[in-house]
Amino acid sequence: MNEYLDVVDDSDCVIGKATRKEVYEKKLTHRIVHVLVINPINSKIYIQKRADSVSYLPGHYSTSAGGHVLSGESYDQAVARELNEELGIKALIKNIASMSFFQDGQKRFIQLFLVFAEGGFNFKDGEVKEGAFFDLDNAKKLIDSGIKIHPQLKVCFDFLYENRTKFGI
């Protein structure tokens with residue numbers, strides 16, 4: 001089954017749709033969501049490790065949950081779907097940032113969301129191998145090491161880390 005993504009212009013307005021394969025082969029601009037989960041009791045951040053079976057960056061550390069915005073979906077719908085698919089939870093989701101990400105000559109628009117949850121995760125879709133809560137300073141050391149780190153995790157985490165007091169973390 002082909003998964004279709006919206007293709008967007010430089011203002012993040014939908015101009016068409018294409019399969020995920022076409023989006024990457026033709027380096028079309030598209031939309032991504034990421035969510036960072038913070039434990040409200042101790043302010044630790046949940047970082048997932050991608051399953052070894054996924055096609056893109058297997059075994060790499062990534063945001064708490066995230067993925068592509070499907071064609072016809074809003075960012076809010078996509079993040080709720082990804083949070084449920086990858087962690088098996090439903091929670092109050094707060095949009096905290098909009099950013100552009102460039103890699104290998106391709107642009108992606110990212111919406112970053114924040115969720116407060118203590119755990120209770122259920123890895124439903126097979127994309128997550130495991131995960132753990134890290135205090136922010138240890139998470140920063142891990143991410144700054146660059147070893148098996150999803151490149152979008154660094155961008156998203158750096159934003160949160162620089163603005164942590166604004167979010168009460």
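Predicted model: local features only at pLDDT ≥ 70, side-chain atom pairs only at ≥ 80, totals over all residues.
Q: OK, at what angle do α3 and α4 pack?
A: The angle is about 150°, and the axes of the two helices are 11 Å apart.

Q: So are they roughly parallel or antiparallel?
A: Angles over 145 degrees count as roughly antiparallel, and α3 and α4 are therefore roughly antiparallel to each other. Their crossing is left-handed.

Q: Which residues meet there?
A: From α3, L136, D137, A139, K140, I143 and D144. On the α4 side they meet L153, K154, F157, D158 and Y161. By class, the contact has six nonpolar, five charged and no polar residues.

Q: Tell me about α4 itself. How many residues does it have?
A: Helix α4 has twelve, residues 151-162. From first C-alpha to last it reaches 17 Å, close to the expected 16 Å.

Q: Which of its residues are buried?
A: In α4, Q152, L153, C156, F157, D158, L160 and Y161 are buried.

Q: And what covers them?
A: The cover includes helix α3 (136-145) along with β3 (30-38), β4 (45-50), β5 (61-62), β7 (93-103) and β8 (106-116).

Q: Switching topic: where does L142 lie?
A: L142 lies in helix α3. Leaving out residues up to four places away in sequence, L142 touches I47, Y61, F134 and I149.

Q: How many residues apart are L142 and Y61 along the chain?
A: They are 81 residues apart, with 9.2 Å separating their C-alpha atoms.

How values were computed:
Residues numbered from 1 in each chain as written. Heavy atoms only, no water. Helix = DSSP H or I, 4+ residues; strand = E, 2+ residues; numbered from the N terminus. Expected span 1.5 Å × (residues − 1). Buried < 20%, exposed > 50% of the residue type's maximum accessible area, 1.4 Å probe, protein only. Contact = heavy atoms within 4.5 Å. Axes fitted to C-alpha atoms, helices over the stretch in contact; angles between N-to-C directions. Parallel < 35°, antiparallel > 145°, perpendicular 65-115°, else oblique. Left-handed = near helix turned anticlockwise from the far one by under 90°. Nonpolar A, V, L, I, M, F, W, Y, C, P; charged D, E, K, R; others polar.
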